[in-house]
Amino acid sequence: MLSWLKGSKRTRSESEADSQTDTIPSQSNLAGAGQSQTRGNAGSTIDTEDIVTSNEEEAINTPGPSEHESGVREDNWPEWQKASQEWCGFLVSPFGRDKSTQQASLRKKIKEHKDSIYHKKAVEIKNKATHNVMQKHIEDMQKADFTSTCNVFRTAYKIGKHDVSNFCIRTTRANILDHISVEMKKKVVNDIVMNQRKLCVLIDESTTISGKSVLVIYLRSAICSEEPDTIFFELIELESTTAKDITDALLDSLHKNGFDINYLQNHFLAFACDGASVMLGRKAGVATQLVSKFPSLFVWHCSNHRLELAVCDVLKEVGGINHFKIFLDQLYTLCHASPKNQRELTESAHSLGQRLLVIGRVLSVRWVASSERTVKAVWENFQALHIHFTKRAKYKGLNDILTSVSFVVNLGVMFDALTELSDLSRMLQRRDMTLDHADRLLARQIRVFESMIKTPGPHTQTATEANEEKVFKNVTLHDNQRVLKINPGQFFRSLAENIKSRMTPTTSSHVSRTSSETSDCLLTDLKVLQSDSWPPNVDILFGDAEVRRLCLRLRVKERESVNGFREYLDLKASKTPATLEPLLKAVHTIAVSTSECERAFSSMNDTLTDKRNSMDIRRLSNLMFLKCNGPPLHQFNAQTYVRSWLGKGRRSASCTACESPTMSQAEPKTCWSLF
């Protein structure tokens with residue numbers, strides 16, 4: 001124990017005399033002498049609120065060394081640096097036998113200390129610390145280099161954001177991009193945490209081209225007080241792909257970047273993922289482990305993935321679709337396996353004045369929008385395919401199927417269905433899609449498919465007319481019993497039923513009983529916020545119970561939201577009251593789709609190519625953050641990041657103290673003399 005911190009018995013007159021002659025200590029002790037530690041008599045209770053002022057609490061620090069350790073005697077200090085032993089040694093104590101007398105004694109000491117030059121000097125130094133004097137001083141010293149360093153930062157940012165496919169890793173450039181990305185991420189986290197915004201986390205797992213298992217993390221929140229937006233947050237490497245490791249990696253990433261456990265307990269609102277068993281397993285999935293830590297967490301299975309599961313269910317139920325899929329897979333193999341076939345097919349399309357569309361796979365692991373493009377390509381290039389198949393005898397079997405009446409009818413039915421499904425999938429992928437809007441879209445699409453059971457679509461009608469005339473796009477058709485015909489009524493009924501069963505619950509399974517009662521109730525309560533669902537003569541207490549349940553589930557202030565909703569009813573939804581906006585933003589924070597994670601994987605593959613597959617995952621994550629979230633170059637403010645760069649003692653653009661790179665000398669050629 002340092003000698004100057006040791007306690008000593010002091011009389012009342014000595015302590016009060018010291019407090020009255022209070023002066024300024026050395027700067028090393030200024031911050032430490034602000035808070036007094038009270039030591040009362042045994043059995044006495046002191047009210048802390050009456051003892052410590054706000055400035056004293058903020059100026060706390062560790063006391064400086066003793067005069068024996070520092071080698072400087074207190075007698076030699078300037079007059080303004082001297083302070084009483086009572087305040088420097090945290091020895092302030094009350095006097096008196098009862099509580100009121102003790103409090104009066106302490107108030108007097110605190111008042112005298114607050115009015116002293118010592119305390120005012122401490123507050124002044126504390127205020128100066130907030131002005132970044134040191135950082136501004138460094139800027140003034142390097143003002144001549146500031147502009148050139150900003151130009152370097154803008155060049156590096158442009159390369160990292162726009163020319164990342166041709167990005168050549170250099171140490172300095174990579175460090176600059178890492179610095180910019182880290183600073184940007186800090187700003188995002190500070191805005192979310194300091195303003196106590198609701199948070200939704202989206203994750204997905206994949207594998208890089210170098211064979212590493214990675215987890216992509218997206219955040220959805222109302223950043224900058226605007227409508228909730230989904231942004232890329234981080235790409236982290238996984239040691240293994242078990243549910244426990246994924247959960248630990250996710251929480252570790254959130255904690256490391258500034259989301260502490262207290263914030264997550266109060267504002268971690270929702271979690272969205274795909275339907276993999278490791279994510280949504282009922283016993284030990286990632287969602288189950290997160291709910292055990294955050295009981296109020298809302299778990300949402302991606303709507304686009306559930307739409308794909310509904311389409312897969314239809315394939316199992318309706319006959320003829322698999323035969324259609326197998327034939328289109330053969331067309332895909334024919335077009336992509338041989339460049340010669342691709343060239344001949346292109347020439348056949350050009351001879352008809354058509355543009356050959358890309359033929360891909362249908363109803364595979366890719367989303368239905370890709371299948372719609374393939375069916376459209378076959379429909380548009382039907383005549384070109386027929387001409388190409390008639391040129392060679394080995395394509396006779398494919399031509400027989402292509403020109404059959406059953407195939408043309410199946411093509412029209414699938415074209416209509418995939419067009420509707422593709423539009424629905426794209427709508428669900430929109431960044432501004434909300435949970436209530438998605439619910440209305442799905443309900444409307446189910447009604448469309450139920451209507452198409454009796455009312456055929458435009459392409460189905462064209463195919464039916466071709467069946468009657470035996471001609472389609474100037475190609476003669478014939479009957480082929482080996483080609484199974486899809487029953488349109490059964491097909492569209494199956495689509496409506498499977499979408500209804502797959503998309504209505506909030507969990508992964510299509511069986512309704514697997515959804516928790518609270519999760520299913522959320523979608524029902526959200527309908528109260530839709531003005532088109534209100535009765536004609538709406539009562540003023542209409543929807544009160546639903547709004548209260550939403551506030552309880554989403555952890556929003558109840559009374560403000562209820563009053564805001566009543567005002568919303570009076571205004572007949574013509575204007576949204578400010579008191580209702582927190583509830584609406586909380587509802588809109590819940591992500592509908594994890595399609596953003598799929599976009600992140602596309603960005604990852606553009607950056608981590610086969611020629612650059614050894615890039616560190618942390619650096620890859622920083623580059624992806626800039627590419628996905630960074631503003632355009634004309635809106636990029638390099639000055640902010642240059643200040644923090646130079647404030648950390650990093651080199652400026654004109655610094656010549658670093659070692660110059662060694663350039664390898666090329667071996668001379670005899671022909672150089674000619675050039």
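**Exercise 1. Find the bridge partner of C200 in β2.**

Solution. Start in β2: the residue that bridges to C200 there is R220. Next, look at the strands themselves: β1 covers residues 199–207, β2 covers residues 213–221, and they pair in the antiparallel sense over eight bridges. Here, two strands count as paired if DSSP finds at least two bridges between them. Strands are DSSP runs of E with at least two residues, helices are runs of H or I with at least four, and both are numbered from the N terminus.

A word on what you're looking at: this is a predicted model, where local features need pLDDT of at least 70, side-chain atom pairs count only at pLDDT 80 or more, and totals for chains, interfaces and linings use all residues. Residues are numbered from 1 along each chain as its sequence is written, and side-chain values use heavy atoms, leaving out hydrogens and water.

**Exercise 2. Work out the strand order of the open sheet, and say which strands are at the edge.**

Solution. Step one: the five strands run β3-β2-β1-β4-β5, with mixed pairing. Step two: β3 (229–237) and β5 (298–301) each pair on one side only, which makes them the edge strands. Step three: on average, neighbouring strands are turned by 25° against each other, direction ignored. Axes here are lines fitted to C-alpha atoms (for helices, over the stretch in contact), and angles between N-to-C directions run from 0 to 180 degrees.

**Exercise 3. Name the strands that helix α10 lies across.**

Solution. Helix α10 (residues 243–256) lies across β1, β2, β3 and β4 (268–273). Its direction is at about 115° to β3.

**Exercise 4. Find the salt-bridge partner of K244, and say how far apart the two are along the helix.**

Solution. First the rule: a salt bridge is a side-chain nitrogen of Lys or Arg within 4 Å of a carboxyl oxygen of Asp or Glu. K244 meets D248, with the closest N and O atoms 3.0 Å apart. The two sit four residues apart in helix α10, so about one helical turn separates them. D248 is partly exposed at 35% relative accessible area (buried is under 20%, exposed over 50%, partly exposed in between; 1.4 Å probe, protein chains only).

**Exercise 5. Which helices does the salt bridge of K500 and E450 tie together?**

Solution. The N to O distance in this pair is 3.6 Å. K500 lies in α23 (residues 488–503) and E450 in α21 (residues 435–451), so the bridge ties together parts 50 residues apart in sequence. K500 is partly exposed at 35%, and E450 is partly exposed at 36%.

Technical notes
Contact = heavy atoms within 4.5 Å.
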